[in-house]
Amino acid sequence: MSGKPTPMMQQYLALKREAGDALLFYRMGDFFELFFDDARTAAGVLDIALTTRGEHGGEPVPMCGVPVHSAEGYLARLIKGGCRVAIAEQTETPEQAKERARREGTPVSKSLVARDIVRFVTAGTLTEEALLEPRRANLLVALAPMRDGVGLASCDISTGRMELEDCTGDALDAALARLGASEIVAPDDWEGAAAETIARPRADFRSEDGEARLRAIHGVATLDGLGSFSRPMLAAAAGLIAYLDHAGRGTLPFLLPPVARGSGAHLAMDAATRASLEILEAQGGGRAGSLIACVDRCATGAGARQLAEDLSAPLADRMAIEARLVSVQHFHADPLLRADLRALLRQAPDIGRALGRLVAGRGSPRDLGQIRDGLTEAQRVREMLSASADLPALLRDTGAALGGHGALVDHLARALVPSPPTERGQGNFIAAGYDHALDALRETSGNARKAIAALEARYREDTGTPSLKIKHNKVLGYFIEVPAKHGDKLMAPDSGFTHRQTMAGAVRFNSLGLHEEATRIAEAGAHALAAEEAHFEQLVGEVVATREAIAATAAALARIDVCAALAERAVEGDWARPEMVEEACLEVTGGRHPVVEQALAKAGERFVANDCRLGSDDRLWLIGGPNMGGKSTFLRQNALIMLLAQAGSFVPATSATIGLADRLFSRVGASDNLARGRSTFMVEMVETAAILSQATERSFVILDEVGRGTSTYDGMALAWAVVEAVHEQLACRCLFATHYHELSRLAETCDKLSLHHVRAREWKGDLVLLHELARGAADRSYGLSVAKLAGVPGPVIKRAKAVLDRLEKGREQTGGLGAGLGELPLFAATLQAEEEEGDALREAIEAIDVDALSPREALDTLYALQAKARATDT
Ligand code: ADP
């Protein structure tokens, strides 16, 4: 039977149309229900039971549901699973729905409560503590592609920070890689959008609207005071705000005034560089093994988020870097101050995020408590800093932003109980003594409760029923209950009790006295709740009114935390303060790779420190030596040292003098990197091409085995040409690792290039990797020794050696790589020869007449045997 959809189904379908591809959470009493495909998706992601309810179009309707009180946990999993969710709440009570039906003349029995989507929960628009990771920013990005480039707006609505930037050409990918947004929106007609991008109407992205919205939000007549913003920037801002409007159904979250991000202010790094340096995520994904995991000692989540941003976007301005370094130095030099300060910071709640929730209208009394406690800690931090002599300017200025909240803190301290609840509907968060009327209401209900206890005692006595109890439940409210056998006594018409309910073993009654006291409790309770609600609104209003100052305090705490944490890390790892200079040099003494060093230390092994000396006369180092010898590690450690220094951190080295770089490039030759669809060699070349077109004299480039992704001749030729281009055209600082030792010939023509190698030694026929860098070309290729180290069987190694000898001989004679290979005896012959050699040794030993040897002869024989054995070895 396929009847007309029920009114509820009609309402559901209308809401679902509005929800679009977001899952619709349809509120029914204490549950959010999902239907149809939404139910299937959610049941799959959440691993909950899929049932059915009624039918639609003759088919049973798939359904699943989650309880409202634990919805947050389920939401978190859905968002993690890549879903977006539309929350449809009941916007009236069943009583109001009936009332409405009466007014409208429709059957009251069939009245349906009105529902509306109150919010879209999406990865980029979260504010809830439970749904956010404390140590990671949560960014929403809007892109506005226009004729003159792509405008990019990003914001973290959990803290209100908003940035606008222009991206032309490759800058867009680099910016997206830097930001790592949770959600990206772009116009629906844009062909350049990536698959996960959320398409929004083009009309949402108009620069005039962006400007008007920003002016309105920040109450300014012109944006000039905030910075200068291009049309694409404003168009992106428009798209961002329109999406926030859509997600919040008209309630905008907290937005600080936008900051225009200039292109030259930061050390530029593209997506490939970020991935290969493993800054915020290790190559396999996840934080473990990344630079940040190794560096982060922040005491607060907000500090960790700031550090992540600093490492993602190191500075390119020397004064700004110095300001940070001096601040880190200040804490480095004063262990007591550092320890005390960090102890304070550890107590400080995340006021930035609490503020974000309060401004978005999703705050709780607990958030108010966090603001109170956080601002109190901030004041203590401020006092501690101002007591410290010779405070650097950055800390002085930051410190100043910590205070000025005295009146607000006092007010919150008086108004709130020590640990206010997350639930706001239950009251009990306003402190006693704050509001006398509220105190009186609480006293009234307290007295009434006492009166009820007294009634119970009196009724027991009067009725002679010691088992009589006064109880309370949600449906009946207060009632008197006696076991069934005593029920008759209270049933008597003149007993003063009125019967309410008969249960299996008990009978329940009411009485006038109880009714009066219960009413007093209910009324006082309702009034008290209303009073608390009013106070809440008022306190939130007060917090929101000073939101920018509170956000500034939150940012200041985060900055101070980062400085102290970097000092802590420097002490822990024996790191040095880098000296920043303008000349294009990179002089590192005793440099280490922080992540590898830490990993080795865990295994009880020691990292071998190495120096690097790039300068204007010697700006390209060609580094050879065996595989696994430490070439990549050396390249990366120097890139990381530069990155850390420009982020304002000390560096893992004994000392470092670093010329500021404008761009940092890191490339690793293809081979291990098969993902992404394009041929790995193609990827390698595309990425190399980007360097050749973008690097400047001020850039720092590391190239690891570039050219390895293709045949020997091609690869070597490309590597050769790339080195020449870097040397002649880019004239930038560069470390180039290669296993083609033929490239060492480049030193003859390139005068700013020098040769280096990672040292290795053969010991008793085995290769020992020293991980030590030395001047000069690698004396030879160590491929065969490394293969032996790796356990390739002896005969194969021996065979390879024969092939290699022949190849090298052929090349010397004819210049052709493969020449002479044909003359080589077959592989089987090598095996045979090996066996024959083994046999010869055996025969020689068997032939010795041990008893006939003098001691001297015995020794000589031993020498002879050893010589023979060695000769047959590689
Ligand atoms: P290559 O690039 O020459 O193949 P890697 O840089 O990948 O070599 O280093 C291989 C391994 O050697 C590393 O994973 C690390 O364990 C170890 N290693 C590298 N450099 C050092 C060093 N300076 N001190 C100690 N061990 C090192």
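Leu586 stands opposite Ile658 in strand S21, where strands are DSSP runs (E) of at least two residues and helices are DSSP runs (H or I) of at least four, numbered from the N terminus. This is a predicted model, in which local features need pLDDT of at least 70 and side-chain atom pairs count only at pLDDT 80 or more, while totals for chains, interfaces and linings use all residues. Residues are numbered from 1 along each chain as its sequence is written, and side-chain values use heavy atoms, with hydrogens and water left out.

**Strands around S21**

- Strand S18 (residues 586–591) pairs with S21 in the antiparallel sense over four bridges, pairing being called when DSSP finds at least two bridges between two strands.
- Strand S17 (residues 579–581) runs parallel to S21 (residues 655–659), and three bridges join them.
- Ile658 in S21 also has Met580 standing opposite.

**The annotated binding site**

- The unreviewed UniProt entry places the feature "binding site" at Gly625, Pro626, Asn627, Met628, Gly629, Gly630, Lys631 and Ser632; the positions are given in the numbering used here, feature names are shortened, and annotations may be inferred rather than shown by experiment.
- Gly630 lies in the loop between strand S20 (620–624) and helix H22 (631–646), and, leaving aside neighbours within four places in sequence, Gly630 is in contact (heavy atoms within 4.5 Å) with Val758 and His771.
- Lys631 belongs to helix H22 and is buried, with a relative accessible area of 4%; buried means under 20% relative accessible area, exposed over 50%, and partly exposed in between, using a 1.4 Å probe and protein chains only.
- Beyond neighbours within four places in sequence, the contacts of Lys631 include Ile623, Gly624, Glu705, Ala737, Thr738 and Val758.
- The side chain of Lys631 also reaches the backbone oxygen of Gly625 at 3.1 Å.

**Salt bridges**

- The whole structure holds 51 salt bridges, each being a side-chain nitrogen of Lys or Arg within 4 Å of a carboxyl oxygen of Asp or Glu.
- One of them joins the side chains of Glu129 and Arg366, at 2.9 Å from N to O; this pair links distant parts of the chain, 237 residues apart, with Glu129 in the loop between strands S6 (115–121) and S7 (140–146) and Arg366 in helix H14 (residues 365–386).
- Glu129 is partly exposed at a relative accessible area of 39%, and Arg366 likewise counts as partly exposed, at 32%.
- The side chains of Arg592 and Glu597 meet in another salt bridge, at 3.2 Å from N to O; Arg592 is buried, with a relative accessible area of 10%, whereas Glu597 counts as partly exposed at 23%.
- Glu748 forms a salt bridge with Arg745, with the closest N and O atoms 3.4 Å apart, and both residues are exposed.
- Through salt bridges that share partners, Glu129, Arg357, Arg366 and Asp367 are joined into one network.

- Helix H10 (residues 301–312) has 12 residues and reaches 17 Å from its first C-alpha to its last, close to the 16 Å expected, the expected span being 1.5 Å times one less than the number of residues.
- Because 11 of the 12 residues of H10 are buried, this helix is largely enclosed by the rest of the structure; among the buried residues are Arg305, Gln306 and Asp310.
- Asp462 is found in helix H17 (residues 436–463) and is exposed, with a relative accessible area of 56%.
- The C-alpha atom of Asp462 is separated by 72 Å from that of Thr398, although the two residues are 64 residues apart along the chain.

Methods
A polar contact is a pair of N or O atoms within 3.5 Å; within protein, one must be able to donate a hydrogen and the other to accept it, and residues adjacent in sequence count only if both atoms are side-chain atoms.
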